[in-house]
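Visitor: Could you take me on a close look at the place where the two chains meet? I would like to see how that part is built and how it sits within the rest of the model.

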Number of protein chains: 2
Amino acid sequence: MSPKVTQAYKELKRQKIMEAGKIVFIRKGYEQTTMKDIIEESGLSKGGVYLYFSSKEEVFSALLEVSDNEYFSFIQRLLEEDGTQWDAITKLSEFIKRKIIEANDELAPAIYEYFFSVKRNNQVPPLLVKRYTRAQNCVKSLLERGVANGEFHPVVSLEEISKFMVSFMDGLSVNMIHLNSEIIGLDSQIDQMLFYLRHALQRSNSDKKNML
Amino acid sequence: MSPKVTQAYKELKRQKIMEAGKIVFIRKGYEQTTMKDIIEESGLSKGGVYLYFSSKEEVFSALLEVSDNEYFSFIQRLLEEDGTQWDAITKLSEFIKRKIIEANDELAPAIYEYFFSVKRNNQVPPLLVKRYTRAQNCVKSLLERGVANGEFHPVVSLEEISKFMVSFMDGLSVNMIHLNSEIIGLDSQIDQMLFYLRHALQRSNSDKKNML
DNA sequence: AATAAAAACGGCACATATGCCGTTTTTATT
DNA sequence: AATAAAAACGGCATATGTGCCGTTTTTATT
């Protein structure tokens, strides 16, 4: 006697359901997606799926965690790289631009929808606070490193600068989801962000980066 | 013989339904609200409400139009005022700040939800393009007036500056809806916006405003 | 006051999502 | 191969929204 499938098998099935969920969430968005959709897309049975996820909220938050980790690990890598912090910021802005362009074919729209959805239940959902501060701190770390190596001489606090950047990037994402890159002028807006940063950070000219 | 109620009566009833809709949309958001909710809140009957609005989408877009008009008329008034354009920008930023603070008790969250909802049906909904360009052009007009009177000497195109402002303000709104003013640092972010504008617009010092 | 037309009412049929739960199938061990 | 436990299945009861449509009420005119 003794049944039970391996833990690895369970994990695999979890991922299968999540993959199905991702496809549906991208196609239909968060609100319009139902467990039925995810069940049908996965090709599994109702009871089977419910054994792993008992609501679309559970499926989605699992997907969200994966999505977030991809995002933050990029910035983490930037922090470990050599080179000037201004280069890192340039790379970050390129990364953001790419992500924003791809946004409509990815989970981004559903993620915003999801946030509005969870907002209805909690007052200020802790997950959102965590996500926000995490994103903001990532950016801030990049800037702090630039201050530490004498590359930046910010005229305002890094806290304010990083928050400003996050606001701008969120706004750009939202507008990109509803409109398109031509209408919002994606490229030039990223340039404006860098223009702002040059003034706010008072960065030394490129020669100084070798001082460190 | 001859029945019919007056046109004014009809309009009044329309408004009654819209008021009920607004209350429910603020309370439950766009997606979660149903016609049933609006019908119950209005105190009218199912058939009666359906005579005026045959879907929540119709109720909402009527409310959206009213909301937009309030918004844009403020900027219109700014454009007609005397004084420097920098003062106008300052007033605008105060207005935005106030609106953002009030956002959670108003239609703002539902409006964003609504946009995600209509996005699922159309590709790029014309309404959204219209709203975006209208908002952006309003801001641009403010800046153009400042260029015309010699107050601003922009180092980049006003198109880019105004789009940047709109992105930032949208991002700030979205973050404010999900978080709160302490976490996002609302005041200092508005200051950062003005900091950006001072550099992008290269505004003359306050004495020069009298040149016009 | 009578009347005819429009407005308002509200029940009902239809459609759709949820998720429980009894049944069947698969699994690892003996 | 037999077995017992877990996993997978899928039907069904429940709940909920929509909006049509026959009936009742209200309205302005005669």
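Guide: Happy to. Chain A has 10 helices and 0 strands, and from the N terminus on its elements run α-α-α-α-α-α-α-α-α-α. Please keep in mind that this is a predicted model. The C-alpha trace of chain A spans about 70 × 45 × 30 Å along its principal axes.

Now to the interface itself. On the side of chain A, 50 residues are in contact with 50 residues of chain B. The area buried between the two chains is about 4200 Å², and carbon and sulfur atoms give 65% of that area. If you want to pick out individual side chains in chain A, start with Phe116(A), Arg120(A) and His178(A): these lose the most area to chain B, and together they account for 18% of what that side buries.

The polar part of the interface can be listed too. Between chain A and chain B there are 13 residue pairs in polar contact, counting pairs with both residues at pLDDT 80 or more. The count of salt bridges between the chains is 2. One of the salt bridges joins Glu113(A) to Arg120(B), with the closest N and O atoms 3.3 Å apart.

By class, the side of chain A that touches chain B divides into 27 nonpolar, 13 polar and 10 charged residues.

Let us stay with α8(A) for a moment, as there is a salt bridge inside that helix. Lys163(A) pairs with Glu159(A), and their closest N and O atoms are 3.5 Å apart. Both residues lie in helix α8 of chain A, 4 residues apart, which is about one turn of the helix. Over all chains, the count of salt bridges comes to 22.

Next, the symmetry. Chain A can be laid on chain B with an RMSD of 0.0 Å by a turn of 180 degrees and a shift of 0.0 Å along the axis. That is the relation of a two-fold axis. The same surface serves both copies, as 100% of the contact residues of chain A recur in chain B. To find the rotation axis in your viewer, look for Gly171(A): of the residues of chain A, its C-alpha comes closest to the axis, at 1.7 Å.

Finally, a step back from the interface to the chain that carries it. The domain assignment of chain A gives domain 1 (1-54) and domain 2 (56-211). Their C-alpha centres lie 31 Å apart, and the contact between them takes 15 residues from domain 1 and 15 residues from domain 2. The area buried between these two domains of chain A is about 1500 Å², with carbon and sulfur atoms giving 67% of it. In domain 1, Met18(A), Phe25(A) and Tyr30(A) lose the most area to domain 2, together 44% of what that side buries.

Across this domain interface there are 6 residue pairs in polar contact, again with both at pLDDT 80 or more, and 1 salt bridge. Lys22(A) forms a salt bridge with Glu106(A), the closest N and O atoms being 3.7 Å apart. On the domain 1 side, α1 and α2 (35-42) of chain A each supply at least two residues. The most come from α1(A), with 9 residues, and the domain 1 side as a whole has 8 nonpolar, 4 polar and 3 charged residues.

Technical notes: Residues numbered from 1 in each chain as written. Chains lettered and ligands numbered in written order. Heavy atoms only, no water. Contact = heavy atoms within 4.5 Å. Buried area = accessible area lost by both parts, 1.4 Å probe. Salt bridge = Lys/Arg side-chain N within 4 Å of Asp/Glu carboxyl O. Polar contact = N/O pair within 3.5 Å; in protein donor to acceptor, adjacent residues only side chain to side chain. Nonpolar A, V, L, I, M, F, W, Y, C, P; charged D, E, K, R; others polar. Least-squares fit on C-alpha atoms with pLDDT ≥ 70 in both. Domains from an automatic or database assignment.
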